[in-house]
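User: I have a chain here that I'd like to go through with you. Could you start with the charged pairs and then take my questions as they come?

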Amino acid sequence: MKKIGELLIDESGVSHQAIENALKIQEDSKAPLGEVLLKGGEVDELGLLRALGLQFGIEVVKTLPSEIQMDFAEHIPISFLKQNLIVPIITKHEKYFAINDPLSFQALDDLRSILSQKTSKIVLAPSQQIINAINFVYDMTPTSADEVMQDIDDEDPERLFSEIEEIGDLLDDTSDSPVIRLVNLMFSQAVRDNASDIHIEPYQNSVKIRQRLDGILYDMLRPPKHVQSALISRVKIMAKLNIAEKRLPQDGRIELKVANKEIDVRVSTLPTAFGERVVLRLLHKSSVMISLADLGMPEDRFSTFDQEIRSPNGIVLVTGPTGSGKTTTLYAALSAINNTDINIITVEDPIEYRISGIGQVQINPKINLTFASGLRSIVRQDPDVILVGEIRDTETAEIAIQSALTGHLVFSTLHTNDSAGAITRLRDMGIEPFLIASSVNAILAQRLVRIICEHCKEEYIPPPEMLAKIGLGGEEYRDKKVFRGRGCAKCHSTGFKGRQGIFELLHMTQDMKSLVLKTSDANEIRRKAIENGMITLQQDGAQKVLQGITTIEEVYRVSQQS
């Protein structure tokens, strides 16, 4: 049998010098040679696995199947599989064990014995693939709510106070406390479904737990009423809130790990007539940030917006109600212009994405670090670009406008229904028309519409009155085929999977600036902008209906608010 060092030289191009250096390190550390080379960056994991595969005569696979049978989860602790980096792979067509270390003989024998599989095939697989497969199985296993809630009656309150300082993976939690298991199940299910929020809602005789998927609330769990107090206490303990205080609203945060994903949870409690209501906002720390090109902005608006975010100074505003994707758009804009030549600083509440190379400030009203005070300090940090999470008051608006007028590019958000409404809002805050006209470059209004699920998409001819609701009432649209989703397992029977933006871009041309100096009437500003070629939210949504991206009902639901 060839030695591992020789195989790595032959198969992975590792140099003789690297092997000699690794052998010297190995004498002190006693670690396997492959592990030393891997840590030193001389070989990648796949290269090492290929060499081990040749040495032991074991097949190497790059990826494991995404859908595997889960029966074994009831018999084997997740910690055993993760510790030994081993997982049984059982599909319709094959059955084998995936391991990361060919010397895991004892663990392999134990697993074969538990599952009564004496002669199953073995493959070598990358460690992350094995962990992903383990997480998939234990996350999807329906231990689910029914079982947990059957055990919930005899809960010992003391168990709720179990140590939670260390951020461990919730899927690894082996607690036998039913309430703790229920909370863990609630979080893991929400993360698996990619929910943005969890609502715990107490009523007179019941408790309802709902989750928000793609902007819409769906029922999740219905624990018995007598569990309410323990359930909310557990969440408050995790968020380090005062569990004795049930008369006042409280805010806190929880850091979680679910299936190796790091989740930051913002917790808000509110006293109601039937107990405390809790809303949990889930922020994925590892979220891949969306690029500007992926927002779904049509080419004409994209080129204008892209030009404005690269201006040397001025204000770019993004408007819309809560949950309409304003922050995501601004982060995409920041990422598009982020380079080593410019200094970008943000003041946010909360910081939703961490961006390398950008200074991000989290506001904290308890110590008087507000948007206004943070912005005032940021200006003294010699920034080129400033992002203010939201313009909430006159003071913030004034500092943002002064910053724009003194050579900074400022990005921010406002809660208004459409782009023209942002002008009126700034006037209501007491900002003079000449300051608005000279500082604001562009205002982007947006909404999020749900995307039709590709797996259950179907064509149909809608009634003409439905099309007319979104401005497609002309004769040319009669008998026009559009799409909808039937609902399937992939989209939780909703007919939708994912969301995309619809946009209305008010470009502050010289015409628009002149009008703003004369009036702050949103309807008049909107009328003039449409005359100048502005595409409204509803018109953009109608185009996405004709393109088969979303449905008539979705566009009507979000655009009738504007």
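Analyst: I'll start with E504, which is buried, with a relative accessible area of 0%. This is a predicted model, so that value, like the others, is computed from predicted coordinates.

User: What does E504 form a salt bridge with?

Analyst: The partner of E504 is R526, and the closest N and O atoms of the two are 3.3 Å apart.

User: Where do R526 and E504 lie?

Analyst: R526 is in helix 19 (residues 522–531) and E504 is in strand 19.

User: Which residues do salt bridges join into one network?

Analyst: R253, E255, D264 and R266 are joined that way, through salt bridges that share partners.

User: How many salt bridges are there?

Analyst: The count is 28 salt bridges. Another one pairs D349 with R392, where the closest N and O atoms are 3.6 Å apart. D349 sits in the loop between strand 12 (344–348) and strand 13 (359–362), while R392 sits in the loop between strand 14 (385–388) and helix 14 (394–405), so this pair ties together parts 43 residues apart in sequence.

User: D349 and R392: what are their relative accessible areas?

Analyst: D349 has 36% and is partly exposed. R392 is partly exposed too, with 44%.

User: And R247, what does it pair with?

Analyst: R247 forms a salt bridge with E245, with 3.1 Å between the closest N and O atoms. R247 is exposed, at a relative accessible area of 69%, whereas E245 counts as buried at 14%.

User: Changing topic. How many disulfides does the structure hold?

Analyst: It holds 0 disulfides.

User: What about C491?

Analyst: C491 is in no disulfide either, and its nearest cysteine sulfur, again that of C488, is 3.7 Å away.

User: Are C456 and C491 buried or exposed?

Analyst: C456 counts as buried, at 1% relative accessibility. C491 counts as buried at 2%.

User: Next, helix 21. Which of its residues are buried?

Analyst: Helix 21 covers residues 552–559, and its buried residues are I552, E554, V555, V558 and S559. Seen down the helix axis they fall within an arc of 165 degrees, so they line one face of helix 21.

User: What do the buried residues of helix 21 pack against?

Analyst: There are strands and helices on the list. The strands are strand 16 (440–452), strand 17 (457–460), strand 18 (482–485) and strand 19 (496–507). The helices are helix 17 (464–469) and helix 20 (537–546).

User: I'm also curious about T416. Where is it found?

Analyst: T416 is in the loop between strand 15 (409–414) and helix 15 (419–428). At 5% relative accessibility, T416 counts as buried.

User: What lies 3.0 Å from a polar atom of the T416 side chain?

Analyst: That is the backbone oxygen of D418.

User: And which residues is T416 in contact with, leaving aside neighbours within four places in sequence?

Analyst: T416 contacts T319, G320 and P321, and also G421, A422 and R425.

User: How many bridges join strand 1 to strand 4?

Analyst: There are 2 bridges, and strand 1 and strand 4 (residues 121–124) run parallel. E59 has V123 of strand 4 as its bridge partner.

User: Last, the overall numbers. How many helices and strands are in the chain?

Analyst: The chain has 21 helices and 19 strands. Its C-alpha trace spans about 85 × 65 × 60 Å along the principal axes. Of the 562 residues, 49% are buried. Among contacts between residues at least 6 apart in sequence, 64% join residues at least 24 apart.

Note on methods: Residues numbered from 1 in each chain as written. Predicted model: local features only at pLDDT ≥ 70, side-chain atom pairs only at ≥ 80, totals over all residues. Heavy atoms only, no water. Disulfide = S-S within 2.5 Å. Buried < 20%, exposed > 50% of the residue type's maximum accessible area, 1.4 Å probe, protein only. Helix = DSSP H or I, 4+ residues; strand = E, 2+ residues; numbered from the N terminus. Arc of directions from axis to C-beta. Contact = heavy atoms within 4.5 Å. Polar contact = N/O pair within 3.5 Å; in protein donor to acceptor, adjacent residues only side chain to side chain. Pairing = 2+ DSSP bridges. Salt bridge = Lys/Arg side-chain N within 4 Å of Asp/Glu carboxyl O.
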